[in-house]
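The sequence and model come next.

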Amino acid sequence: MRSFFFVLLAGMLFSCNENNKPSFPTLTVDKQLIVKHIKELSSDGYEGRRPFTKGEQRTVEYLTKEFEKIGLLPANGDSYHQDVPLVEITGSPSQEMTFKTKKGTQTLERYEDFVLHTQRATSELNLNQSELVFCGFGTVDSKRSWNDYAGIDMKGKTAVVLVNDPGFGGEDPSFFKGDEMTYSGRWTYKYEEADRQGADAIILIHETSSAGYPWFVIKSSWSGTMLEIERPPDAEDCALKGWISLEKAQALFEACGLNFTEQLKNARKPGFTPVPMNATVSASLTNKVKKDITKNVIGYIKGSEQPEEYVIYSAHWDHLGIGAPVDGDSIYNGALDNASGTATVLSIAEAFAGSEVPPKRSVVFAMVTAEEQGLLGSQYYCQNPLFPIKKTVANINMDGVNPIGTMKDVTAIGFGLSDIDKILKEEAQKQSRYVLPDQNPEKGSYFRSDHFNFAKVGVPAIYAGGRTEHAAKGKEYAKSFMEEYVSTYYHQPSDEYDPSGWNHDGMLQDGQLYLNLGINLANSDFWPSWNDDSEFQRK
Ligand SMILES: [Zn+2]
C-alpha cells in the first residue's frame, strides 16, 4: 500500500517540472523494428558491409534513408556523412628477420617466428642493424609513477616489449589491477607509446596466456591487408611494429647473456629501467598502399534547453565483408556483430523522434565505420568531432545486442571507471535487474569497441548489456549460449540473422535500457566524471 502511494506521489511530482512544461514521456523501442533492420543489414545483398565495397555503399544508403525518414538533423552541415580517409596497407615482410648478438646471428622465419607491419603509407621500410633495448612492458604511467622508457632516447633503437601489464599473473590485485587488463597492457597502447618515444621499431614478445590468444591469431591478424587512419608523411612515429614468438625471444635473451625469467621478474618491479641488449635487428617491409574514403553516418535531435550539450549513441555499421569461405559460405554477414547494434540505435532514434517533447540536451546517433579494422571510424570522429568533445556528456555504445533472452543482469564493461555507473544502476533497477562488472576483465574488452575512443578523449561511456543470468534459465544457460556464439559464430560467415536461435526479447530489454539511459542523461544536468583511480580523464 505504502509503496503504491509513493509511486503515485512520485508520478505527480514528475508529471510537471517547475516551469509547468510537460515532463518527458515514456518512450519504448519497437522489437519488430529492431528485427526488421537486422534482417535487412545482415542480408547477403550487403556483402558483409566491409568499408570501400558495394556493401558499404548499400549500408550507407540504407542508414541515410532511415535517418531522413526518422527526421534526424544532419550532423555535418546538410549531410549525415562524415568522410573518413583511410589507407589500405598490404605489407609483405622480408623472408627473414636477423638478430646480431655477441654469440652470433639468429634468423627468424616470416610468419612462423615473426610478423612485421607498419601504420605508415610508405612503399618500403628498412630496419638496418637497429639497436635492441628491452623496455619491460613498454609502459609509461604517471599516475602509477611507472616509466619503462626511463632515461633512454629510443630514436634509432628498437624496443623489445612484453605483452600485458606488470600486474598480470601477480599476487596483488591492486598492482596494475592484478589480472584485470589495464590499457597499458593492450598492444594498441604499446604501439602508441612506441610512437611517442619515436623508436625505430617495437617488437612484442608473444606469450599465449598473457596475450589471451595463441600464435596463429598473431599470424592471421598481422599478415594481409590492414586499414589505417592516414598519418602525416613527416610523422615521427615508430615506423615498424611486430611480434616475435616466445621461443625466439627466449633464444635472443640467452644469446645476449640475459635470463628471460629474471628479466620478466625485474620488469614487474617498480624502478625497472630499460636494458640495452648489445644486439641489433635487421628486417624490411614492402607495402602496397591504397587510399580511399569510408563514411561515418551521423544525425541528431536538437535539445530544447541545453542544445549545446550532447549525449552520443554509437554503433559500428561495418563488418568483415567477403572472405575465406566456411562450409561454402563466404559472406561474413555480421548479424549480431553489429547489425544488431546498428538496428537498435536506429530504433532508439525513432523512439526519440516520436516523442512530442524534445529532450533537454541534444542526442546524437553515430553509425561509425571500420570498427573491425581497429575502431577507426570512432577514432576519426573523436579526433575530428562534429560536436565539441568538451560538451559531450556521455557515450552509449552498442556492439552485439543480447541475443540470449530476457536477463536478470546488466553486465557493464568498464564498471567502476566513472560515476556513470550511478545512472546505469538506476535504470537497471527500474527493469528489476542488477548490475555486474565485467566477468572476464583479463580480456580487456573495454578497449575493444568504439566507446573506448570516447573514453580516450575523456567522455565517460557505457558499454553494457544482459550477459550473465537468463531470467528463466539461469547463469549456466547464458554462459553456454555465449560460449557457443564465440566458438561457432563470432567473426564467421555463420553470424547470420537467426529467428530460431535468437531470443529477441533480450534485444528488446537491452534496447529499452539503452533508450532509458539516453532519456535519463538527456534530461538531466548530470555530468558524469571519471573516478580518481581510472586512467581516463575529461580533457
Ligand atoms: Zn563489433
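Is the crossing of α2 and α9 left-handed or right-handed? The crossing of these two helices is right-handed, where right-handed stands for the near helix being turned clockwise from the far one by less than a right angle, and left-handed for anticlockwise. The model is predicted: local features need pLDDT of at least 70 and side-chain atom pairs count only at pLDDT 80 or more, while totals for chains, interfaces and linings use all residues. Residues are numbered from 1 along each chain as its sequence is written, and side-chain values use heavy atoms, with hydrogens and water left out.

Helices (H or I, at least four residues) and strands (E, at least two) are DSSP runs numbered from the N terminus. Axes are lines fitted to C-alpha atoms, for helices over the stretch in contact, with angles from 0 to 180 degrees between N-to-C directions.

| Helix pair | Axes come within | Crossing angle |
|---|---|---|
| α2 (residues 31-41) and α9 | 8 Å | roughly 135° |
| α11 (residues 421-430) and α14 (residues 504-522) | 10 Å | roughly 125° |

Angles under 35 degrees count as roughly parallel, over 145 as roughly antiparallel, 65 to 115 as roughly perpendicular and the rest as oblique. α2 and α9 are therefore oblique to each other, and α11 and α14 are likewise oblique. The crossing of α11 and α14 is right-handed.

Contact means heavy atoms within 4.5 Å. Residues of α11 in contact with α14 include Ile-423 and Leu-424, and those of α14 include Leu-513 and Leu-517.

His-316 lies in strand β14 (residues 306-316) and Asp-337 in helix α9 (residues 335-353), 21 residues apart, so that the pair links distant parts of the chain.

Buried means under 20% relative accessible area, exposed over 50%, and partly exposed in between (1.4 Å probe, protein chains only). His-316 counts as buried because its relative accessibility is 0%, and Asp-337 counts as buried because its value is 6%.

**Loop residue**

Gly-328 sits in the loop between β15 (321-326) and β16 (329-332). At 76% relative accessibility, Gly-328 counts as exposed.
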